[in-house]
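Work through the following exercises with the sequence and the model side by side. Each task is followed by a solution that goes step by step.

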Amino acid sequence: MHRSRNHKIIAGVCGGIAESLGMAPTVVRVLWLLLSLIPGPLWVAYVLMWILIPKAPESRYVGNRYVK
């Protein structure tokens, strides 16, 4: 799993999750937002993923598309 270079708003975490699962980044972002309404430190998980998950290498992108 990598953080997305193309589908990022803050750090590319949700975009990277979406690319890994083959989902649309918007769907993952909406799910993340809905989960963040539940009490708990979900923002801590996001920051940890931001730190621990590396950015996708540039060679994994052809134009605007992610290549597996």
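**Exercise 1: helix packing**

Describe how helix α2 packs on helix α3.

Solution. Because angles under 35 degrees count as roughly parallel, over 145 as roughly antiparallel, 65 to 115 as roughly perpendicular and the rest as oblique, α2 is oblique to α3. Axes here are lines fitted to C-alpha atoms over the stretch in contact, with angles running from 0 to 180 degrees between N-to-C directions. The contact (heavy atoms within 4.5 Å) joins W32, L35 and S36 of α2 to L42, Y46 and M49 of α3.

This is a predicted model, in which local features need pLDDT of at least 70 and side-chain atom pairs count only at pLDDT 80 or more, while totals for chains, interfaces and linings use all residues. Residues are numbered from 1 along each chain as its sequence is written, and side-chain values use heavy atoms, with hydrogens and water left out.

**Exercise 2: the annotated span**

Where does UniProt place the feature "transmembrane region", and what is the helix content of that span in the model?

Solution. The unreviewed UniProt entry places the feature at residues 30-53; its positions are given in the numbering used here, the feature name is shortened, and the annotation may be inferred rather than shown by experiment. In the model, residues 30-53 are 75% helix and 0% strand, and the end C-alpha atoms of this span lie 20 Å apart.

Conventions:
Helices (H or I, at least four residues) and strands (E, at least two) are DSSP runs, numbered from the N terminus.
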